[in-house]
Amino acid sequence: MKVKSIEGLHLIFQLKGSVIPSILPAVLGSGLFGLIVSFLYRWGYPVSWPGLEGLVPTIVLGLLLVFRTNTAYERFWEGRKAWGNLVNSVRNLSRQILVAITDHHPEDATEKAHHLRLLVAFAVATKLHLRDEPINEELKGLISGEQYEKLKSMNHPPLEIAFWLGDYLQRQYRLNKLNIYQLTTMLKLLDTMVDTLGSSERILKTPIPVAYAIHLKQLLMLYCLALPFQIVSHLDLWTGPVAALISFTLFGIEKIGIQIENPFGHDSNDLPLDTICANMRVNIEDLISLYPRTQPLEKLSISPDHYPVQ
């Protein structure tokens, strides 16, 4: 226990992943303002106003900050659960496709491997869609060249990939490579993947109301500006450092809420979507390498460009 406690001390001084760089100007500004007020108090100016304690009650500000942070974390955790469901659905659907769909020719195995990689392409396209980024090189190893060009012209690439997957499953059923129960189970998993996309979009497109964020910011600034006048008669020259410390706490909590309310971006505290997609790709490639047939898929000509766009 003692070793763990000592090892955890480095987090106190860690800047990477913290909100310190973004709140440092506001903290220094609060400390400087408090220092100015303390000098004015020393020079005899009547800047000690204890009556300002009731201007922004601490309990009101605290409740607003807690509500802000809890709301943001709820969005963060909901996003993580949605992507956890996506990972599980991709694993289950890929396993069922690999085992249930029978292959009569090498071309069948090639087509199957292509659509297994489409499952990862769906996750990558979803990530890019949530980040409002265009289709890029990250998808090139997962889809054919024709599909890549097709996605670049689509307004909603993840839905197009879901259509390709659903069409593939329906064709396997019509070719008697799947029975109706297997088809129904696989389509339900595909529906779950699309539901995950919708849940993520709902989080992204329903931000915390701007009026609430503005009002909280205004209250924070009002509180931090009034604080030195409340404490200068008790702390004198310590007014600046104490004001900076208190503002560091308040602005830090508020900034954390801002960062995690959209969990799909590139902030250090956002969800690690790049890592999740990379792990998903490793899982799929592992499944392909374990192909349960006499002729392993890796020995076949399994290229993303082999299978044409639908």
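Thr-196 is buried in this predicted model, with a relative accessible area of 5%. Because anything under 20% counts as buried, this residue clears the cut-off. You can find Thr-196 in helix α7, which covers residues 180–205. Leaving aside residues up to four places away in sequence, Thr-196 touches Ala-82, Trp-83, Asn-85 and Leu-86.

| Helix pair | Angle | Axis separation |
|---|---|---|
| α8 (residues 210–235) and α9 (residues 239–260) | about 160° | 9 Å |
| α4 (residues 106–130) and α6 (residues 157–174) | roughly 155° | within 8 Å |

How do α8 and α9 run relative to each other, roughly parallel or roughly antiparallel? They are roughly antiparallel, because angles over 145 degrees fall into that class. The crossing of α8 with α9 is right-handed. On the α8 side, the residues in contact include Leu-216, Leu-220, Leu-227 and Ile-231, and among those they meet in α9 are Val-242, Ile-246 and Leu-250. By type, the residues of this contact are 15 nonpolar, two polar and two charged.

The axes of α4 and α6 cross at roughly 155°. That makes this pair roughly antiparallel too. Here, the crossing is left-handed. Residues of α4 in the contact include Glu-111, His-115, Leu-118 and Phe-122, while the α6 side includes Pro-157, Ile-161, Trp-164 and Arg-171. This contact is made up of 12 nonpolar, four polar and three charged residues.

How values were computed: Residues numbered from 1 in each chain as written. Predicted model: local features only at pLDDT ≥ 70, side-chain atom pairs only at ≥ 80, totals over all residues. Heavy atoms only, no water. Helix = DSSP H or I, 4+ residues; strand = E, 2+ residues; numbered from the N terminus. Buried < 20%, exposed > 50% of the residue type's maximum accessible area, 1.4 Å probe, protein only. Contact = heavy atoms within 4.5 Å. Axes fitted to C-alpha atoms, helices over the stretch in contact; angles between N-to-C directions. Parallel < 35°, antiparallel > 145°, perpendicular 65-115°, else oblique. Left-handed = near helix turned anticlockwise from the far one by under 90°. Nonpolar A, V, L, I, M, F, W, Y, C, P; charged D, E, K, R; others polar.
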